[in-house]
Amino acid sequence: MLNWFKKKNSDANDGDGPDFASVDSMSKAIKLFKKGQLSKLHLMPLEFGGEDSDMNTLYTPDIVVELKARFDSMIEQMLIDGKNLSYSAKPAYKDKSVIPSALEISVTGDAEFSETINIW
């Protein structure tokens, strides 16, 4: 899956990679999750006080969960080091799909930067 992610992110219009346009309901997303084709992702990490609730949950490919976890780990270390930070994760959607096409993460405060994870 990592290979499609690299290729997909190198050229978003090349036609390779998954197309989640038909996943237009949470019940469809949950079916894919139960089949192991999608993973659960928390917008606000549980470690940062996020809740395990529908409002804080997205379903994405495994690689997106892994990439976000790496980013969140970096932020967690900055917080441990005493940085005063605000964290925001915002999904972007295409068509009527409930699977985000991208995830935009931004950090403000003592450090300011952002990351966009392109999904499909």
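Is K40 buried, exposed or partly exposed? K40 counts as partly exposed, at 32% relative accessibility; buried means under 20% relative accessible area, exposed over 50%, and partly exposed in between, with a 1.4 Å probe and protein chains only.

The views below show a predicted model, in which local features need pLDDT of at least 70, side-chain atom pairs count only at pLDDT 80 or more, and totals for chains, interfaces and linings use all residues. Residues are numbered from 1 along each chain as its sequence is written, and side-chain values use heavy atoms, with hydrogens and water left out.

**View 1. The salt bridge between K40 and D52.** A salt bridge is a side-chain nitrogen of Lys or Arg within 4 Å of a carboxyl oxygen of Asp or Glu. Here the N to O distance is 2.9 Å. K40 lies in strand β1 and D52 in the loop between β1 and β2 (57-60), so the pair ties together parts that are 12 residues apart in sequence. Helices (H or I, at least four residues) and strands (E, at least two) are DSSP runs, numbered from the N terminus. D52 is exposed, at 53% relative accessibility.

**View 2. The salt bridge between K68 and D72.** The closest N and O atoms of this pair are 2.8 Å apart. Both residues belong to helix α3 (residues 62-80), where they are four residues apart, about one turn of the helix. K68 is buried, at 2% relative accessibility, and D72 is also buried, at 9%.

**View 3. The salt bridge between K28 and D24.** In this pair, 2.8 Å separates the closest N and O atoms. K28 is partly exposed, at 38% relative accessibility; D24 is partly exposed, with a relative accessible area of 38%. The whole structure holds three salt bridges.

View 4. S39 is buried, with a relative accessible area of 15%. Leaving aside residues up to four places away in sequence, S39 touches F33, L58, Y59, T60, D62 and V65; contact means heavy atoms within 4.5 Å.

**View 5. The largest nonpolar core.** A nonpolar core is a set of buried Ala, Val, Leu, Ile, Met, Phe, Trp, Tyr and Cys residues joined through side-chain atoms within 4.5 Å. Two or more residues come from each of α2 (26-34), β2, α3, β3 (85-92) and β4 (102-109). Helix α3 gives the most, with five residues.
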